[in-house]
Amino acid sequence: MLTEIERRELEDAVKHYPEKRGAAIDALLTVQRHRGWISDESLLDIARFLEITAEDLDSIATFYNLVFRKPVGRHVAFVCDSISCWIKGCEQVQEQIKNLYDIDLGQTTSDGRLTVLPIACLGHCERAPAMMIDQDVYGQVTPEKMEIIMEKYK
Amino acid sequence: MNNERPLTQHLHPNGRPRLLREYVSTGGYGSLQKLAAGMVPKDVQRLVGEAGLRGRGGGGFPTGTKWSFVPMGPDASKPKYIVANGDEMEPGTFKDRILMEGDPHGLVEGMIMAGYALDAEVGYIFLRGEYHLSAQRLNQAIAEAYAEGYLGKSLPGTTFRFDLHLHSSAGRYICGEETALLNALEGKRAVPRAKPPFPQTVGLWGQPTIVQNVETLYNIPHIINHGVEWYHRLSRTKDGGTKIYGISGRVTNPGWWELPLGTTAREILDRHAGGMADGIGFRGLLPGGISTSFMIEEHLDLPLDFSSFPPDVGRLGTGTMIILDDQTCPVGFVLNLEKFFARESCGWCTPCREGLPWVAKLLTAFEEGRATRDDLSLLDMHTKWLAPGHTFCGLAPGAMAPLQSALKYFREDFERHIMIGGCPWSKKSAQQRVLV
Ligand SMILES: Cc1cc2nc3c(=O)[nH]c(=O)nc-3n(C[C@H](O)[C@H](O)[C@H](O)COP(=O)(O)O)c2cc1C
Ligand code: SF4
Ligand code: FES
């Protein structure tokens, strides 16, 4: 069941579109903000609200890399692996995460603190290599800087 | 020559956004006053057409021509929509972000005026999900514009009223392709649509729709305020206006600069970016995102615009260049691009879904020293199999532009991988990447 707050937010989102399903992405991202990820149960809740089938909604949910259909950690680090960051050493950034937290791309630490995912160009190529943690973007990331940055995300 | 930089001259160097009061104090929302003075939609359309404004999303299509396909008059189907394409996921590209973060009201004003010109009363800003700062600032600008009556109320001297919504997306490069974008906005899986019909007549929810890049829309109020002649004087070539150019890679000062359209790559690289970084040599560049073809030394004096490129040099794309230097393996560089395209393929049509992973696999074989002469011909063949016309949308042909040109200009490097059974840069480049 959608919570009262979720329902209110979804009702607001729907107002922007002539058809309810137009708000599918807004709805998925809203519920994900409250619940961390989109479980089968969440999917059903949203589909019912949008008056579409869960299968239909899942074909949208699974298409987008920022919609999580599996649980993620309390924080998600997105490491840009596109060309400008590759030139400037994004592979070293990935290595450093592995050294510090013993996880590969796509994995979550055992204490549930952090998930690391690759991401396409973050649009900060002039400050490559770039990464985004939750909603914060960092540029010119070095292995040393990484350790300091991560202190903020416990 | 006109030395103004209308899109960025008022931006704060520290990145602070300009909110309503500040925006208005430098002439913001001035174009709306022209309506009270009797400017009708046809006038706006004519100005934009004569200004020679060409789309800044990568294709360079003349905006006025695109608008001319939208049905006008009392019999035209309503509502009509105007959509700002703020998906900006083309690797190497960060120009729309600079505008939206620094001057969010400029996009609101551009959309109001585009809406007025086409009698389209509803607008959406389609924003990539990762641009959280842009989202926050645009939301604030939209709220301010509603409070001030620029949105949601009849514009001065007219009965036209415009409503504007922000749609934050959730990733996937293909959403920037305009028909996939329309499916995404409708809450459908974001695969492209067949064309024709074109969105100008059958777009969002079946209604006439114009999709325009963010930077394109920022130009419109300035054309209306200052006129066609002024706009042409901003540029060095026959395409009007300025362009936000950018550079990333191993140069002294990576960054962005608003410059006259038609500025050369050499000027931007040497004068603005301070040349290559110490001890690093130039080998080539992609002029505007990764769906463009390599340019090499001999092309550096070409005007970077939408009409001066000889066909065999390709196209400008987004104008944000990526530099290939001599410490970086061209094969590894292209492999990174093709992995991106393979991952971002929407999977709708077979040549792209199957072909791009195959290309990535072939290039991996080069890097790992397993490639043969046959693999080189297979790469050549893919540039034909995935050429324009063989796939459902422009993603796969875009992916072939850097590959085909790399095979042309850096062929010895591919051959060297076969000959020595590995990547000549491998150790060196790993060390360099830590250093620079
Ligand atoms: C795969 C693909 C991705 C695209 N991504 C973008 C994008 O992120 N932003 C954009 O403005 N145009 C993008 N385009 C181009 C759009 O389809 C469309 O041509 C453009 O938004 C039109 O705006 P303009 O005429 O103002 O340039 C993309 C095209 C393709 C084929
Ligand atoms: S070319 Fe690629 S991205 Fe475009 S429709 Fe075909 S599979 Fe999808
Ligand atoms: S390539 Fe990494 S931010 Fe653009």
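Mentor: Putting chain B and chain A together buries about 3,900 Å² between them, and carbon and sulfur atoms give 58% of that area. The size of an interface is often given in this way, as the accessible area lost when the parts come together. Keep in mind that this is a predicted model, so totals such as this one use all residues, while side-chain atom pairs count only at pLDDT 80 or more.

In terms of residues, 56 from chain B are in contact with 40 from chain A. Among residue pairs with both members at pLDDT 80 or more, 17 between chain B and chain A are in polar contact. On the chain B side, several elements each supply at least two of the residues that touch chain A: helix 5 (95-102), strand 3 (163-168), helix 8 (178-185), strand 5 (242-248), strand 8 (320-325), helix 11 (330-344) and helix 16 (426-435). Helix 11 of chain B gives the largest share of that side, with 7 residues. By class, the side of chain B that touches chain A holds 27 nonpolar, 16 polar and 13 charged residues.

The rule finds 2 salt bridges across the interface of chain B and chain A. One of the salt bridges in the model joins Glu126(A) to Arg97(B), with 3.1 Å between the closest N and O atoms. Over all chains, the same rule gives a count of 42 salt bridges.

One salt bridge inside chain A is formed by the side chains of Arg69(A) and Asp40(A), at 2.8 Å from N to O. This pair links distant parts of the chain, since its two members are 29 residues apart: Asp40(A) is in helix 3 (residues 40-50) of chain A, and Arg69(A) is in the loop between helix 4 (54-61) and strand 1 (75-80).

Those elements belong to a chain with 7 helices and 4 strands. In sequence order, the pattern of chain A is α-α-α-α-β-α-α-β-β-β-α. The C-alpha trace of chain A spans about 50 × 35 × 25 Å along its principal axes. A backbone detail to check in chain A is Glu51(A), a residue other than glycine whose phi is positive, near 60°. Glu51(A) sits in the loop between helix 3 and helix 4 of chain A.

Chain B has backbone details of its own. The peptide bond from Lys78(B) to Pro79(B) is cis, with omega near 0°, and Pro79(B) is placed in the loop between helix 4 (63-67) and strand 1 (81-86) of chain B. Pro196(B) and Pro197(B) are also joined by a cis peptide bond, with omega about 0°. Pro197(B) is found in the loop between helix 8 and strand 4 of chain B. For context, most residues other than glycine have a negative phi, and most peptide bonds are trans.

Strand 4 of chain B, residues 209-213, leads on to the ligand, as strand 4 contributes 3 residues, the largest share of the shell around ligand 1. That shell has 18 residues, and the closest are Gly57(B), Lys66(B), Asn85(B), Asn213(B) and Thr216(B). Its classes are 4 nonpolar, 8 polar and 6 charged.

For Gly57(B), a polar backbone atom is 2.8 Å from an oxygen atom of ligand 1. For Lys66(B), a polar side-chain atom is 3.0 Å from an oxygen atom of the ligand. For Gln212(B), the distance from a polar side-chain atom to an oxygen atom of ligand 1 is 3.1 Å. On its own, ligand 1 has 620 Å² of accessible area, of which the protein covers 86%.

Technical notes:
Residues numbered from 1 in each chain as written. Chains lettered and ligands numbered in written order. Predicted model: local features only at pLDDT ≥ 70, side-chain atom pairs only at ≥ 80, totals over all residues. Heavy atoms only, no water. Contact = heavy atoms within 4.5 Å. Buried area = accessible area lost by both parts, 1.4 Å probe. Salt bridge = Lys/Arg side-chain N within 4 Å of Asp/Glu carboxyl O. Polar contact = N/O pair within 3.5 Å; in protein donor to acceptor, adjacent residues only side chain to side chain. Nonpolar A, V, L, I, M, F, W, Y, C, P; charged D, E, K, R; others polar. Near = heavy atom within 4 Å. Areas by Shrake-Rupley, 256 points an atom, 1.4 Å probe, with all protein chains shown as cover.
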